[in-house]
Amino acid sequence: MGIQIPITYWISLVILSKLVFLASASAFASASASAAEQTKFTYPSFPKENSNFLKLEGNSSIYNEALQLTPESLNEAFYRTHINKSGRIFYPQPFRLWSSSSASILASFNTNFVINIYRKSEWEAGHGLTFLIAPNSSIPLHSHGQWLGLTNSSTDSNPENHFVAIEFDTQKQDDVDDLDGDHIGIDVNSIRSEKTVSLDKYNLTLSPPPPGANYSIWVDYNGTNKIMQVYIAKEGNSKPEEPALSHNIDLKQHLKQDSYFGFSASTGDPQIELNCVLKWDFQIDKIPEDEDEKSWWKIVVGAGVPAATVAIITVVYGFVRKRRQSSSSSASSRSGAAGGAEEFGKLKWLPGMPREFKYKELKKATNNFHESMKLGEGGFGIVYKGVLHENSSEDIAVKKFSRDSIKGKDDFLAELTIIHRLRHKNLVRLVGWCYEKGKLLLVYDFMPNGSLEKHLYDASLPETLNWSRRHKVLEGTASALHYLHNEYDQKVIHRDLKASNILLDKDFNARLGDFGLARALENERNSYAELGLGGVAGTMGYVAPECFHTGRATPESDVFGFGAVVLEVVCGKGPGTKIHHNQHLYSLVDWVWMLHREGRIQEAVDERLKNEFVESEAKSLLLMGLACSHPIDSERPKTQAIVQIICGALPAPQVPPFKPVFTWPSMNDTGNFDSSLSGISLSSQSSGRTKSLTMLQRTSSNLPV
């Protein structure tokens with residue numbers, strides 16, 4: 001008598017077989033959808049050890065936490081090492097750009113990087129750098145000068161080059177029809193750009209004389225409509241709404257299926273400059289492996305019902321195993337989350353700790369962190385406007401820390417533990433905080449008038465800040481700084497004083513904010529190095545010269561930053577502004593010092609005020625701005641004197657007619673130099689924002705190299 005097989009078994013087998021077939025068909029059909037997965041990487045800086053994980057070719061190197069595409073030195077003795085050089089640096093792995101099985105699938109990508117193309121005043125700019133997509137990292141011979149590390153005289157325009165580059169050119173080449181000395185172009189297999197755009201209309205100079213400038217670049221490519229867009233702004237500013245360059249290009253027509261992403265640059269003779277990349281974020285659609293997909297389809301469909309039975313076993317086994325792994329992973333995740341929750345749970349018991357928000361409350365208040373609610377973006381995260389609907393509507397500002405930041409939690413804790421007990425009318429008030437599901441958020445009072453920077457430079461605003469408001473802003477900022485340095489129970493050094501971090505309430509009172517770089521120092525301590533927090537941080541033009549030699553941030557370095565703000569507010573020009581006068585090019589502080597020497601310092605006052613200002617107050621503020629900008633830290637005024645000068649209780653400080661020269665004790669003078677600091681790695685984080693020491697040294701022409 002045969003074995004009786006229950007009818008339910010056959011029904012189950014038929015159903016499962018059909019399910020396997022349908023599931024496999026569904027998996028094949030969804031191959032295109034898998035391309036939506038993204039691969040990404042982030043380099044907030046480039047430590048020396050990164051040289052082992054990047055492809056460096058030609059004359060490139062990694063030095064002072066930056067990619068140096070051409071030799072990096074300001075020493076005149078090494079001038080000859082700069083000329084006729086070229087280099088490339090690439091991410092070590094290629095990325096697949098399209099699927100062979102479907103011509104319609106072309107990877108989209110977007111990238112953000114920060115560049116600095118530096119030259120001394122006497123150097124002739126040349127030749128620029130590129131963001132490059134190429135079949136390999138190899139650099140052609142003789143690709144220096146106008147060839148940008150891309151091609152040479154014998155290979156230019158060869159379709160077998162298979163490269164596409166976004167060039168940031170700093171010299172006009174008549175033989176390749178360049179528009180002017182500063183432009184962006186899209187190059188395909190040649191240095192002759194398919195499309196170029198001048199940067200003159202944006203008032204941007206890629207390689208300005210000292211102190212130089214850092215630029216944030218965004219390159220977006222849409223693989224569906226095949227449009228390449230390039231955006232540019234000075235570092236610290238948000239991504240512009242409109243691209244500087246937009247171009248239709250089908251990358252599949254020009255590139256290899258698997259291509260490398262990176263940078264190239266070159267110098268000529270006598271055209272030289274230092275071509276640096278300071279940070280790099282990148283993400284690209286993940287294109288699946290074609291052959292693996294085809295093999296899976298053939299096995300499942302071609303083998304029929306017997307294979308379906310095997311597939312059932314495989315699927316069930318895989319399902320059970322996955323469930324076990326998932327359970328284990330969830331347990332681990334819960335354990336990690338519990339540890340994080342425990343760590344942040346302690347914050348609830350800190351004295352004076354404000355309200356703890358639920359993530360869903362802040363998500364609702366910001367309309368799911370919608371782009372339209374975005375107020376600004378910095379190195380530690382994005383700030384959104386929010387509206388709390390509880391008893392009544394209340395506007396708030398929500399700072400959402402970047403999840404891609406490795407030190408995000410540390411940055412969050414550093415800011416929170418400092419500001420939760422600060423109480424001053426000229427500081428932005430902390431309303432609450434949130435740590436949930438790995439997300440870190442701080443909630444502040446909303447400042448309806450935005451930042452001081454916005455009112456100084458945004459041409460769309462109906463009117464500029466009048467004199468009384470400018471004076472009141474500086475008075476309030478000085479008062480806040482004095483509180484941080486002297487009236488709080490610990491010394492708090494802000495480390496990033498600048499116009500964009502001074503916010504304005506509804507009555508245009510100054511509120512100093514963004515404590516993401518601040519650190520609290522124990523009484524009688526004056527440096528981060530003493531607390532194991534060594535490092536130079538801040539924003540170009542606002543960082544004191546001594547910081548680049550000591551690795552220390554002090555009350556005096558904050559005063560230097562405040563001096564830069566004072567000159568910016570009175571003159572209506574940023575510290576990095578280039579000012580032409582009598583065939584000379586001045587930085588803002590040097591220009592004001594020159595006018596002071598010639599007895600006409602009042603001419604530095606912002607012309608947009610149309611002479612509607614108090615001359616005695618303006619002269620006093622300008623002199624104080626110069627005093628705070630003194631290259632020697634011990635000569636700068638203290639915050640108490642600054643407050644009294646602004647209020648009129650003390651006369652303006654005495655300022656020498658010529659700007660003093662910055663000097664630094666010899667390293668052999670052990671009585672004045674702390675040799676234990678000589679090995680400190682100096683970095684800067686501003687609005688996002690790691691810079692090399694060399695970049696920061698350029699903020700003062702008096703600094704020895």
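These questions and answers go through some labels used for this structure and the values behind them.

The model is predicted, with local features needing pLDDT of at least 70 and side-chain atom pairs pLDDT 80 or more, while totals for chains, interfaces and linings use all residues. Residues are numbered from 1 along each chain as its sequence is written, and side-chain values use heavy atoms, leaving out hydrogens and water.

Q: What does the secondary structure of the chain come to?
A: There are 13 helices and 32 strands. Helices (H or I, at least four residues) and strands (E, at least two) are DSSP runs, numbered from the N terminus.

Q: Why is the pair of phenylalanine 113 and phenylalanine 168 called what it is?
A: Rings of Phe, Tyr and Trp (its six-membered ring) pair if their centres lie within 6.5 Å; planes under 30 degrees apart are stacked, over 60 edge-to-face and the rest tilted. By this rule there are 25 aromatic pairs. In this one the ring centres are 6.2 Å apart and the planes stand at 85°, so it is edge-to-face.

Q: What makes this pair a tie between parts of the chain?
A: Phenylalanine 113 belongs to strand 9 (residues 109-118) and phenylalanine 168 to strand 11 (residues 164-169), so the pair ties together parts 55 residues apart in sequence.

Q: How do you know whether phenylalanine 113 is buried or exposed?
A: Look at relative accessible area: under 20% is buried, over 50% exposed, and in between is partly exposed (1.4 Å probe, protein chains only). Phenylalanine 113 has 0%, so it is buried. Phenylalanine 168 also counts as buried, at 0%. Over the chain, buried residues make up 51% of the 705 residues.

Q: What about histidine 142: is it buried or exposed?
A: With a relative accessible area of 62%, histidine 142 is exposed. This residue is in the loop between strand 10 (128-134) and strand 11, and has a positive phi of about 55° although it is not a glycine.

Q: And asparagine 189, buried or exposed?
A: Its relative accessible area is 8%, so asparagine 189 is buried. Asparagine 189 sits in the loop between strand 12 (183-188) and strand 13 (195-198), with a positive phi near 60°.

Q: What makes lysine 239 count as lying over the face of tyrosine 231?
A: The rule asks for NZ of Lys or CZ of Arg within 6 Å of the ring centre and within 35 degrees of the ring normal. Lysine 239 lies over the face of tyrosine 231 at 4.5 Å from the ring centre. Likewise, arginine 469 lies over phenylalanine 508 at 3.8 Å.

Q: Which residues touch the most other members of the largest nonpolar core?
A: A nonpolar core is a set of buried Ala, Val, Leu, Ile, Met, Phe, Trp, Tyr and Cys residues joined through side-chain atoms within 4.5 Å. The largest has 69 residues, and those touching the most other members include Leu422, Phe562, Trp591 and Val592. Helix 9 (residues 555-571) gives the largest share, nine residues.

Q: Why is this core said to lie between domain 2 and domain 3?
A: Both domain 2 (358-444) and domain 3 (447-663) give residues to this core, so it lies between them. The domain bounds come from an automatic or database domain assignment.

Q: How many disulfides does a search of the whole structure find?
A: A disulfide is a pair of cysteine sulfur atoms within 2.5 Å, and the search finds zero.
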